[in-house]
Every structure is written in structure tokens, then in C-alpha cells.
Amino acid sequence: MKRRVVVTGMGIWSCLGSSLDAVCDSLRAGRSGIGIDPDRTAYGYHSPLTGIVEKPQLKGLLDRKLRMYLAEEGEYAYMSTHEALRQAGIDEQYLAENEVGVLFGNDSSAKAVIESHEVAVEKHDTTMMGSAAIFQSMNSTVTMNLSTIFRLKGINLTVSAACASGSHAIGLGAMLIRNGLQDVVICGGAQETNYLSMGSFDGINAFSLRTDEPAKASRPFDKNRDGLVPSGGAATLVLEDYGHAVARGAHIFAEIAGYGFSSNGEPHISQPSEEGCMRAMQRAMDDAGVKAEAIDYVNAHATSTPQGDMFEAMALSRLFAALRTPISSTKSMTGHECWMAGASEAVYCILMMKNGFIAPNINFEEGDEYSAKLNIVPETVEKELNVVLSNSFGFGGTNSALVIKKTV
């Protein structure tokens with residue numbers, strides 16, 4: 001019989017706040033974390049909109065030799081993981097005496113790569129890049145640093161799956177625990193927010209141009225959406241075998257009950273798919289042993305792009321339109337947190353579940369022909385949530401869905 005997987009610790013560092021309480025308050029209030037980045041304007045972006053994420057102050061928290069290898073997203077991940085472990089009651093002694101793994105979603109480290117290149121061009125000497133450059137520039141920078149800082153002894157792996165990376169990390173961590181290969185896995189996602197990280201997205205006109213009203217720029221499912229808003233930070237969940245958590249007296253936030261995945265099988269690398277979305281959601285519900293009727297709320301992937309929201313709305317309609325299941329996209333407040341999004345949205349869902357509310361899909365004023373069929377929640381709803389579904393989809397046709405249950 002497969003083991004149950006529960007969440008015993010959470011931490012987050014996002015444009016909605018740098019603590020769970022602050023983030024929960026922002027979610028309930030429908031408060032946007034989006035603003036204007038002047039560095040993007042100077043660099044040549046068409047859209048300088050972004051999630052405004054506080055820079056962590058690591059001096060005094062972390063030794064300089066450990067700090068120097070952290071890329072920006074690694075700094076965010078350290079802060080969220082430090083808090084998640086604290087909440088889980090996992091200290092240095094526990095980590096030294098037990099096998100704890102780490103799985104994090106991360107699909108780029110642009111700033112470190114570009115800055116190293118600029119040094120070499122200027123100095124014509126690769127030794128001037130510095131010893132930290134390689135460890136900051138690799139996609140696995142987050143997991144290699146967290147594993148070193150916390151001296152972890154279990155699975156040590158980066159999940160690189162576009163905007164589904166953080167969700168896949170949680171799903172794969174849950175699979176390892178279910179099958180008895182690990183008792184505890186630190187899972188999450190991280191995304192850098194500097195201006196160097198998203199220029200290529202801006203170059204293909206993926207971003208909203210609603211620069212006169214930053215808080216209204218991200219409009220998932222709205223008929224007048226004109227593109228996504230990039231964002232980032234980091235989110236961490238400590239996943240644990242239920243029996244193991246109970247035995248050590250850990251507080252349990254929620255249960256990761258189901259994980260579903262699929263690939264679209266489409267010929268175009270950025271083409272969304274109704275069928276791909278459907279397969280991931282259905283597989284997650286099958287894995288959790290629940291029907292669509294049991295889902296109290298869906299946290300949609302919807303990023304505020306014309307095509308992506310359309311195809312997801314088509315898939316959601318097939319499962320939930322007739323049931324009038326409440327649906328919202330927290331990206332309306334955060335923007336698209338990219339590699340982090342699947343993990344942060346799992347945290348957002350658990351916060352809603354614990355506090356009995358559904359965060360609003362702000363800026364939803366008029367549905368299009370697809371989203372008008374859905375029960376999109378434009379304002380905060382007070383509601384008990386027992387089972388929620390959280391979607392994450394990415395370029396290349398990678399799809400992930402999680403079913404999260406309240407524990408009693």
C-alpha cells in the first residue's frame with residue numbers, strides 16, 4: 001500500500017510578501033504585487049512590467065563563502081527553504097542524522113551567464129569570471145546550493161520543465177515518498193526577476209503592454225487580456241511520509257493526494273493543448289481517487305495570454321463548467337512566476353485551504369467565449385476548501401496538476 005504524503009513546512013518569498021502571513025493577507029485582499037522596473041525600460045524592453053520582489057538580506061544569516069555561490073533565484077530559495085524547515089521542526093541535528101532530499105524547479109540562470117560573458121569580453125581572460133560563476137550559472141544552481149548549505153543527504157535533483165517545473169518537483173517528490181524511497185523531501189521552485197532574465201520573452205511580445213495601470217495588467221481569462229506579466233521569487237514545501245510526520249510530532253498543513261502529468265504531443269513548441277491539459281488534470285484526480293465533483297476549487301495556470309488561457313478554459317469547461325466549480329488564477333495578482341509558479345501556487349492553495357477562502361481572479365471583467373462558461377471568481381469568496389486542484393503548464397507541452405487535500 002502506497003504511503004500518504006503530507007506537507008509539514010512551507011516558506012515563500014514572492015511579490016505578495018516574504019512571509020506566509022503577509023502573502024495570505026495579500027491573497028485575501030486581492031492585492032497585486034506588480035509594478036514597473038526602470039532597468040527594463042533602460043535595457044530596451046517594450047514592457048517594463050514585473051512582479052516587485054524584495055531582495056533578501058543574507059548577510060548575518062549565511063556565511064559569506066556560502067552566499068557567494070548563490071544566484072538571485074538561489075537567494076530567494078534559501079529564504080523560503082530556511083522558513084519551511086523551521087516550520088517543519090527540522091534543525092541541523094535532524095538533517096545530520098537523517099536522509100533528507102531536495103527537488104527544485106528551475107529552468108534558467110540568465111544573469112550569472114550573461115555577466116560572466118561580459119567579463120570575458122571586456123577582460124579577454126576567463127579567469128576573471130571568478131570561481132562562483134559556474135555554480136551560479138548552472139540550471140542546477142538552486143539544488144546544488146541548498147544541498148550544500150543544509151548538508152542534505154537524500155535525492156538532489158533540479159527539475160527543468162519550463163513553467164511546470166515547480167509543480168513537477170512537488171509531484172516527483174511525492175512519488176519518491178509514496179514508494180518508500182525517501183521519508184522527507186524539500187520541494188519547490190525558484191525564478192530570478194532581474195531584467196536580464198526575461199528579455200527574450202519580451203522580444204516575442206509575450207508581455208502585457210498595459211503599463212499605465214500595472215496592477216490591472218495581468219488579466220487571466222479576461223476578454224481584454226493582452227499578455228502575461230513576468231514575476232518570480234521562490235517557494236518551498238517540506239513533503240513527508242504521513243507516518244513519519246506523526247511519529248515525530250510534526251504539524252501537518254495538507255496532503256499531496258494526487259499528481260498528474262502529460263505532454264501535449266503538438267508540432268509547435270509553444271502550442272497549448274486542450275487535450276494535454278485534460279490528461280494532466282484527470283490523471284491527478286485519478287491518482288488522488290477523486291471525481292471532478294469532489295474538487296472545491298481550481299487554481300488555474302492561466303497566465304493572461306490569449307492562447308494559453310483559451311485552451312485551458314476549454315479543458316476546464318469539459319470537467320468543471322457544469323459543476324460551477326469556483327476557479328481563479330492567482331497570477332492575476334502575482335504575474336507569472338514561471339519556474340516557481342507550480343510551487344508558489346501550491347502554497348497559495350494551502351493558505352486558502354487553512355484560512356477558508358478563495359483568492360480572487362482580479363481584473364476579470366468580461367469573459368471571452370471560452371471563459372464565460374466557467375465560474376471565474378472575481379472577488380474573494382469565504383469558503384471551506386477540502387480538496388483543490390492546481391494546474392501548471394509550460395512550453396514544449398509539459399503539463400502538471402496537483403490535487404491537494406485538507407488533513408484532519
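The model is predicted, so local features are reported only at pLDDT of at least 70 and side-chain atom pairs only at pLDDT 80 or more, while totals for chains, interfaces and linings use all residues. Residues are numbered from 1 along each chain as its sequence is written, and side-chain values rest on heavy atoms, with hydrogens and water left out. The protein chain holds 15 helices and 15 strands, where helices (H or I, at least four residues) and strands (E, at least two) are DSSP runs numbered from the N terminus.

**Overall shape and surface**

- For 408 residues a compact globule would have a radius of gyration near 22 Å, and the 20 Å of the protein chain agrees with this; the radius is taken over C-alpha atoms, and the globule rule is 2.2 Å times the number of residues to the power 0.38.
- Along the principal axes, the C-alpha atoms of the protein chain fill a box of roughly 60 × 55 × 40 Å.
- Of the 408 residues, 60% count as buried, a class that means under 20% relative accessible area, with exposed meaning over 50% and partly exposed in between (1.4 Å probe, protein chains only).
- The protein chain exposes about 16100 Å², of which carbon and sulfur atoms supply 52%; accessible areas come from the Shrake-Rupley method with a 1.4 Å probe, and for residues only the protein chains shown count as cover.
- Among contacts (heavy atoms within 4.5 Å) with a separation of 6 or more, 79% are between residues 24 or more positions apart.

**Salt bridges**

- A search of the whole structure finds 21 salt bridges, each being a side-chain nitrogen of Lys or Arg within 4 Å of a carboxyl oxygen of Asp or Glu.
- Arg3 forms a salt bridge with Asp183, with the closest N and O atoms 3.0 Å apart; the pair links distant parts of the chain, as Arg3 is in the segment before strand S1 (5-13) and Asp183 is in the loop between helix H9 (165-178) and strand S6 (184-191), 180 residues apart.
- Arg3 counts as partly exposed at 24% relative accessibility, and Asp183 counts as partly exposed at 32%.
- Glu240 and Arg248 meet through their side chains in a salt bridge of 2.6 Å, N to O, in which Glu240 is buried at 0% relative accessibility and Arg248 is partly exposed at 25%.
- Salt bridges that share partners join Arg3, Asp183 and Asp241 into one network.
- The side chains of Glu122 and Lys123 also form a salt bridge (3.8 Å, N to O), with Glu122 exposed at 58% relative accessibility and Lys123 partly exposed at 45%.

**Surroundings of Glu72**

- Glu72 is found in helix H4 (residues 72-88) and counts as buried at 16% relative accessibility.
- Leaving aside neighbours within four places in sequence, Glu72 is in contact with Lys111, Glu192, Thr193 and Asn194; the C-alpha atoms of Glu72 and Asn194 are separated by 8.1 Å, although the two residues are 122 residues apart along the chain.

**Positive phi angles**

- Most residues other than glycine have a negative phi.
- His124, not a glycine, has a positive phi of about 55°; His124 is placed in the loop between helix H6 (110-123) and helix H7 (133-137) and is exposed, with a relative accessible area of 71%.
- Phe221, not a glycine, has a positive phi of about 70°; Phe221 lies in the loop between helix H10 (199-203) and strand S7 (233-241) and is buried, with a relative accessible area of 0%.
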